[in-house]
Amino acid sequence: MATLTVVYHSPNGHTRALAEHIVRGARTVPGTATHLAEVTGEQVTAGRWSDAPTMDLLKASDTVVFGAPTYMGSLSAVFKSFLEGAFHPFLGQEWKDKLAGGFTHSAAQNGDKLFSLQQLAVFAAQMNMQWVSVGDTAGDNWTGGTRYDVNRLGSWLGVMGQTNADEGPDAVSSHGDRTTAERYGVRLAELTARWVHGTPYEPRRHSLEEFRELSARSAEEARARV
């Protein structure tokens, strides 16, 4: 059994929605145990984050996926406290050669979310982890594209989500963002099985036409939900 844990901070529920869809995708891969671990402000005391059960879970996981909202062009302060709280695993190289991935969310279309993903990737590198990219090409970049396209924000380092500032978590990220998160979960779980158990793996390649058809199906599913 391969273990994948998504650890995230989500004050308003939007980032949690993406975390749940990553787990939903990972659970479709046989032999994958999945966990959600929420980082909260209550775990921060005098500016320091600490939660032993969360750290025990991450130490026991084969893959860790990091997620937090982007506030003012950077990761949320609470999640950065969590990253700093990983100093002891850093010293002991406890997470060395685990797989890692990341995702972020903001109300702005851009919001400098790339900087947040870069922070997560650098953190994973400092922990000597192996980073997994999104694996899908960019959507919504042609005349037939829509906000329901897979990877509609064109992010390869990690998953980006966007929800309008006046919408709640139920509307989180267009259907395309949720689909992107689920596909990322599948990719992470399959690569975890390969990394941990040597399970045969075939890259999920697609032509431009196939990818546009995938995005068109995503749009149809989104309209069916309305």
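## Valine 23 in helix H1

Valine 23 sits in helix H1, residues 14-26. Helices here are DSSP runs of H or I with at least four residues, strands are E runs of at least two, and both are numbered from the N terminus. This is a predicted model, in which local features need pLDDT of at least 70, side-chain atom pairs count only at pLDDT 80 or more, and totals for chains, interfaces and linings use all residues. Residues are numbered from 1 along each chain as its sequence is written, and side-chain values use heavy atoms, with hydrogens and water left out.

Valine 23 counts as buried because its relative accessibility is 2%. Buried means under 20% relative accessible area, exposed over 50%, and partly exposed in between (1.4 Å probe, protein chains only). Leaving out residues up to four places away in sequence, valine 23 touches Val6, Thr34, His35 and Leu36; contact means heavy atoms within 4.5 Å. Threonine 5 is 18 residues away along the chain, yet the two C-alpha atoms are 8.2 Å apart.

Which residues of H2 are buried? They are Thr54, Met55 and Leu58. These residues lie on the same side of H2 because they cover an arc of only 95° around the axis. The arc is taken from the directions from the helix axis to the C-beta atoms. Ala52, Pro53, Asp56 and Ala60 are exposed on the other side of H2.

The buried residues of H2 pack against strands E1 (2-8), E2 (32-38), E4 (48-49) and E5, and against helices H3 and H4 (87-91).

## Nonpolar cores

A nonpolar core is a set of buried Ala, Val, Leu, Ile, Met, Phe, Trp, Tyr and Cys residues joined through side-chain atoms within 4.5 Å. The largest has 24 residues. Val7, Phe66, Phe79, Phe82, Trp95 and Met129 touch the most other members. Helix H2 (52-60), strand E5 (63-71), helix H3 (77-84) and helix H5 (113-126) each give two or more residues to this core.

Methionine 129 contacts Val64, Phe66, Trp95, Asp97, Lys98, Leu99, Ala100 and Ala124, leaving aside neighbours within four places in sequence. A second, separate core has 22 residues, including Val132, Ala181, Val186 and Leu191.

## Threonine 70 in strand E5

Threonine 70 belongs to strand E5. Its relative accessibility is 7%, so threonine 70 counts as buried. The side chains of threonine 70 and threonine 104 make a polar contact at 2.7 Å. Beyond four places in sequence, residues touched by threonine 70 include His105, Gly111 and Ser116.

How values were computed. Polar contact = N/O pair within 3.5 Å; in protein donor to acceptor, adjacent residues only side chain to side chain.
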